[in-house]
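Work through the exercises below with the sequence and the model open. Each task is followed by a solution in steps.

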Amino acid sequence: MKKRRKITRKRKNNTTKVLASILVLLIFTLSIALGILFIQNQFENKNLRHTLGKGKYAEEKIEKGFEVLLVDNIPTIKIKKETLQLNSSLFTTDEQEKIKKQFVYNIYSQKDMLGDLYKDGVFLNELSDFNSYFSQSSFDDEFITLTHPNTEGLPLFIQIPYNNSANFINFVFKDKGFIADTIEDAPEIKENPIEIDPNKPMIALTFDDGPSKKYTLEILNKLNEYNAHATFFVLGNRIKGNEDIISAIVDSGSEVGGHSWDHQYLTKVDDEELDKQFNLVNDLVKQATNGRYSIKTFRPPYGAVNDHVKSKSPYPLIMWDVDTLDWKVKNKDKVIKNILDNAKDGSIILMHDIHGTSKDAALEVIPMLVEQGYQLVSVEELLTAKGIPLENGKVYYNAR
């Protein structure tokens, strides 16, 4: 009898030990789970990203979390010993240009709310230095926020999703094969948009070789008076000191096109010079408009093109079907007669805004053409309204 009691007691002891072991294992497992939850909570509370913003990467996990620290007063991403500053280092040159353009467009879109701040152009200082222009940056759970300082105490900022930054994607998703989303171009700013009826006749007046301090603004004012647009094909070496004229053209809704740097025959220059003649004028137009406008069309000096020039052109090449010969005849009445005798629906008319007689002819012929029922539009507006696609390197004489 005593022996049976000993066996029963021994079995109870073994059961107690098993239960204790299970309890210890449960407590250990629970501790691990709570530890993981704590780490994840700390990860999120410290703004350490574990998913990438919006877009097609939203569900992709970043294997290694990163810290955001202040290094020399600049917010900086840190993964182990590697760092990436949250300033211009975060964006490619192309991305920076698009961000600046989008920022200016955003401000323009809020001009009624900004009032005098917009009118005074406080935000339109030199845009060439990205870090100076956006002197403050911050990090949140989804965006990098770039802030432009101003004297009015009103924060002017733009938020860029991380999946728009190629450098961010390459830094955080190293060797994962992800590709950043492309930042979309902001719409062009046009202060004076006009309603264009594609079923009514239209003409594009074009003016070469400016801008001219004497005459361009007079022509522009007459266009504005009649709710009309035109295209001004400008020379790069005449932009400096005339930036206000370039801005006025853009603000009016008219078009600024390129006409080379210094009016050389493009068929006679080497590729390096050709690149300069095509692109330097656009760089100066962008500077003159604080990054909010880029040229879309180009007129080769003398109308000189060949297959090589076409293949190298980053723009549609715009010619004309009505040559007023204003540079040659320098007679207001002859220029007006030439236009009225030859213009028809879809015409592109060649004039120059550097001659007084051409200016006088433009001031008289603009109301005449409007009275005849023509819509006066830019080259880009003309071709678009006629359903003709603009293609780089292609030559256009009219919209018919």
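Two residues are in contact when heavy atoms lie within 4.5 Å. The structure is a predicted model.

**Exercise 1. The whole protein**

Task: State what share of the contacts with a separation of 6 or more comes from residues 24 or more positions apart, then describe the secondary structure, burial and surface.

Solution. 
- Step 1. Of the contacts with a separation of 6 or more, 69% are between residues 24 or more positions apart.
- Step 2. The secondary structure consists of 14 helices and 14 strands.
- Step 3. The protein has 400 residues, and 43% of them are buried.
- Step 4. The accessible surface is about 21,300 Å², and carbon and sulfur atoms contribute 50% of that.

**Exercise 2. Helix H13**

Task: Check the span of helix H13 against its number of residues, then locate its kink and its packing partners.

Solution. 
- Step 1. Helix H13 covers residues 356-371, which is 16 residues. The expected span is 1.5 Å times one less than the number of residues, so 22 Å should be found.
- Step 2. The buried residues of H13 are Ser-358, Lys-359, Ala-361, Ala-362, Val-365, Ile-366, Pro-367 and Leu-369. An α-helix has 3.6 residues a turn, so residues three or four places apart point the same way.
- Step 3. Among the elements that the buried residues of H13 pack against are strand E7 (202-210), helix H7 (216-225), helix H12 (332-342) and strand E12 (348-352).
- Step 4. Just after H13, Gly-373 has a positive phi of about 100 degrees.

**Exercise 3. Aromatic pairs**

Task: How many aromatic pairs does the whole structure hold? Classify the pair Phe-207 and Phe-232, and then the pair Tyr-265 and Tyr-302.

Solution. 
- Step 1. The search gives 5 aromatic pairs.
- Step 2. The ring centres of Phe-207 and Phe-232 are 5.2 Å apart and the planes meet at 20 degrees, so this pair is stacked. The cut-off for stacking is under 30 degrees.
- Step 3. Phe-207 is in strand E7 and Phe-232 in strand E8 (residues 231-234), so the pair links parts of the chain 25 residues apart. Both Phe-207 and Phe-232 are buried.
- Step 4. Tyr-265 and Tyr-302 are also stacked, with 4.1 Å from centre to centre and 10 degrees between the planes.
- Step 5. Tyr-265 is in the loop between strand E9 (255-258) and helix H9 (271-288), while Tyr-302 is in the loop between H9 and helix H10 (307-312).
- Step 6. Tyr-265 has 35% relative accessibility and is therefore partly exposed. Tyr-302, at 47%, is partly exposed.
- Step 7. The charged end of Lys-268 sits over the ring of Tyr-265, 4.5 Å from the ring centre.

**Exercise 4. Backbone details**

Task: Where is the cis peptide bond, and which phi values do His-263 and Leu-325 take?

Solution. 
- Step 1. The cis peptide bond joins Gly-210 and Pro-211, with omega about 5 degrees. Pro-211 is in the loop between E7 and H7.
- Step 2. His-263 is not a glycine, yet has a positive phi of about 65 degrees. His-263 is in the loop between E9 and H9.
- Step 3. Leu-325, also not a glycine, has a positive phi of about 55 degrees. Leu-325 is in the loop between strand E11 (322-323) and H11, and is partly exposed at 33% relative accessible area.

How values were computed:
Residues are numbered from 1 along each chain as its sequence is written. This is a predicted model: local features need pLDDT of at least 70, side-chain atom pairs count only at pLDDT 80 or more; totals for chains, interfaces and linings use all residues. Side-chain values use heavy atoms; hydrogens and water are left out. Helices (H or I, at least four residues) and strands (E, at least two) are DSSP runs, numbered from the N terminus. The bend at a residue is the angle between axes fitted to the seven residues ending there and the seven starting there. Buried means under 20% relative accessible area, exposed over 50%, partly exposed in between (1.4 Å probe, protein chains only). Accessible areas come from the Shrake-Rupley method with a 1.4 Å probe; for residues, only the protein chains shown count as cover. Rings of Phe, Tyr and Trp (its six-membered ring) pair if their centres lie within 6.5 Å; planes under 30 degrees apart count as stacked, over 60 as edge-to-face and the rest as tilted. A charge sits over a ring if NZ of Lys or CZ of Arg is within 6 Å of the ring centre and within 35 degrees of the ring normal.
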